[in-house]
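Colleague: Please take a close look at one part of this model.

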Amino acid sequence: MRSRRGGQLLTAAVLALLAAATGSDAATLHGRVEDPDGKPRVSTVRLLANAGNGPATPRVSVTDDEGAFEISVPDGASFSVRIESDGLLPVVLEAPPADRLLVQRLQAGTTLEGLVVDRRGGEGIGDATVRVCDREATP
């Protein structure tokens with residue numbers, strides 16, 4: 001019995017030290033992601049937190065088959081959340097409230113077709129990746 005209790009105390013002490021070193025979580029953000037028709041959508045949810053004393057800390061969660069997710073929010077940190085799913089437009093939210101369920105419906109994007117060419121020679125460039133964003137869009 002004595003060694004078991006000692007092991008439990010040691011484990012609790014290590015966990016407390018880890019929490020102190022990494023910062024504690026103030027809340028957990030719960031939400032659900034939907035497709036344009038309101039159906040659950042498997043998506044990636046990224047939380048980028050910055051406590052103001054170093055580089056931002058990314059946290060990632062993947063929704064389940066019902067589109068549900070939860071992700072911890074560090075105590076005292078400013079943060080934003082990016083939600084993305086293949087084929088739909090990503091959304092960036094600045095500090096959504098963690099005290100209520102976040103339901104985010106993603107919107108369909110537009111298909112862009114074309115040929116990527118080298119400006120100097122006019123030759124096509126294979127395996128190119130093109131990312132398009134609207135600088136005037138609001139999150």
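Colleague: Where does Val130 lie? And then, how is strand β2 faced, paired and packed?

Modeller: This is a predicted model, where local features need pLDDT of at least 70, side-chain atom pairs count only at pLDDT 80 or more, and totals for chains, interfaces and linings use all residues. Numbering starts from 1 along each chain, and side-chain values use heavy atoms, without hydrogens or water.

Val130 lies in the segment after β7 (102-105); strands are DSSP E runs of at least two residues. Val130 is exposed, at 53% relative accessible area (buried is under 20%, exposed over 50%, partly exposed in between; 1.4 Å probe, protein chains only).

Now β2, residues 44-50. Val45, Leu47 and Ala49 form its covered face. Thr44, Arg46, Leu48 and Asn50 form the uncovered one. In a regular strand, side chains alternate between the two faces of the sheet.

β2 pairs antiparallel with β3 (57-62) over six bridges (pairing needs at least two DSSP bridges). Here Leu48 stands opposite Pro58. β2 also pairs antiparallel with β5 (78-84), over seven bridges. Thr44 faces Glu84 there.

Leu47 belongs to the largest nonpolar core, of 17 residues (buried Ala, Val, Leu, Ile, Met, Phe, Trp, Tyr and Cys, joined through side-chain atoms within 4.5 Å). Leu47, Phe69, Val81 and Ile83 touch the most other members. β1 (25-34), β2, β4 (68-74), β5 and β6 (91-94) each supply at least two of its residues. Beyond four places in sequence, Leu47 has contacts (heavy atoms within 4.5 Å) including Pro58, Ile71, Val73, Phe79 and Val81.

Note on methods: Helix = DSSP H or I, 4+ residues; strand = E, 2+ residues; numbered from the N terminus.
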